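Colleague: I would like to learn how to read charged pairs and a ligand site. Please take the features one at a time.

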Amino acid sequence: MNRAGKTGKTGSLMPVEVALARLLEMAEASPIVEHEFLPLARVEGRVLAEDLVSTLDLPPWPNSAMDGYALNLADWTGTPLPVSQKVFAGQFPEPLQPGTCVRIFTGAPVPAGADCVEMQENAEVQADGCVRFVERMTVGQNIRPQGQETTAGELILTAGTRLGPIEQGLCASLGCAGVKVVRKVRVAVISTGDELVEPGQPLGPGQIYNSNRVVLCSWLQRLGCEVIDAGILPDDLSLTRARLTDLQDVDLILSTGGVSVGEADFLGIALREEGELALWKLAIKPGKPLTFGHFRNVPVIGLPGNPASTLVTFALLARPYLLRRQGVQGVEPLKFPVPAGFAWPVAGNRREYLRGRLEQGRAIVYRNQSSGVLRSAAWADGLVEVLEGRTLSEGDQVAFIPLSDLLG
Ligand code: AMP
Ligand code: MG
């Protein structure tokens, strides 16, 4: 049963990838060009502003991969060799005396003239202190050559790389105490809706707590953004205009709610009056209505207000937009195929992102997929993508997008 054809609506909805391509184009048109030099400990989640080229060979000299003995294989005739020196990591040895071996420990430089390290488990120390080797040895064994990881002049990380603990470690291994990163994107977060109340306040009739605000503020911080928390905005045109006017020094205004082309679409009205507006109906579920435009010169993204819709549209559209503005190239989330642990008998005309989990290698989905239910996402480890127009039997392949990747 495939209803997608029957509705005839598919054509009027914008495919997710088209919306994403347009957003990325807009992001490229206004890149963040300023950068700052920060100490390594403070660059997590930020984007590298210039290529990082190694000034060193790593390792700087050949070193031992084992605790054992360094020797020149040509000296080994079967007669135990005397030990001429001992070298620990952090020391620098004398050249190897011919006809001897050197006691050596992991990470210590291999003495000039030695061409092999034998691990101590394969060495027998004789009563006179000389060492007999019991296994066949080969030239170069257990030696990490100079420049094995990196050679001086090599490009290590390109501008536009997002920095996390591993990249920080790589910079440290090259001796960089700090790096140049793209300045933070300044994002103002607005939650629209007369019904919204902040947690901690009493809840009146008809009111609900504002959950989108904290979701977006925390998530944006993880993405290396500077968050300007612009609070709750009532459904009112003049207040909307005033709030947008106050936020002219930010790089993006990100709002939730009030984009459902209903009567209360004040954001859209304000953009139409004093900027430009694109109102997209996306082939995405949860989601669908999404506003993109400018208020005067400031880009504005208006996400749908239902908590699961906010989450999915932020993850798949606003997140890549924000990363691209910082110069990141690979902005699409990690996605891999898994067998469905559920059936999907009725095809939809929108691409669905079900909140799901992997269990025994199969994707299972939360029992309630309503766009108002944030609990579904708290339960989930990822989004299960079901393409528009598709039906599924259990065991068919679906794409799984881990939330851990989207949230980072
Ligand atoms: P809207 O997009 O304004 O029509 O809102 C759609 C639904 O999401 C309504 O049920 C709203 O009450 C709810 N909603 C909007 N904004 C928020 C928010 N910040 N936190 C929680 N729920 C919200
Ligand atoms: Mg609303």
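Salt bridges and the ligand site

Modeller: Glutamate 36 and arginine 46 join their side chains in a salt bridge, 2.6 Å from N to O. A salt bridge here is a side-chain nitrogen of Lys or Arg within 4 Å of a carboxyl oxygen of Asp or Glu. Because glutamate 36 is in strand β1 and arginine 46 in the loop between β1 (35-39) and β2 (52-53), the pair ties together parts that are 10 residues apart in sequence. Strands (E, at least two residues) and helices (H or I, at least four) are DSSP runs, numbered from the N terminus.

This is a predicted model: local features need pLDDT of at least 70, side-chain atom pairs count only at pLDDT 80 or more, and totals for chains, interfaces and linings use all residues. Residues are numbered from 1 along each chain as its sequence is written, chains are lettered from A and ligands numbered from 1 in the order in which they are written, and side-chain values use heavy atoms, with hydrogens and water left out.

Colleague: Which side chain of opposite charge is nearest to arginine 325?

Modeller: Side chains of opposite charge can pair when their charged atoms come close. For buried arginine 325 the nearest is aspartate 251, 4.3 Å away, and arginine 325 has no salt bridge. A polar side-chain atom of arginine 325 does lie 2.4 Å from the backbone oxygen of aspartate 251.

Colleague: Which residues are closest to ligand 1?

Modeller: A residue is near a molecule if one of its heavy atoms lies within 4 Å of it. Ligand 1 is surrounded by 15 residues, the closest being Glu195, Asn210, Ser211, Gly258 and Gly305. A polar side-chain atom of asparagine 210 is 2.8 Å from a nitrogen atom of ligand 1, and a polar backbone atom of glycine 258 is 2.6 Å from an oxygen atom of ligand 1.

Terms used
Polar contact = N/O pair within 3.5 Å; in protein donor to acceptor, adjacent residues only side chain to side chain. Buried < 20%, exposed > 50% of the residue type's maximum accessible area, 1.4 Å probe, protein only. Lys, Arg positive; Asp, Glu negative; His and termini not counted.
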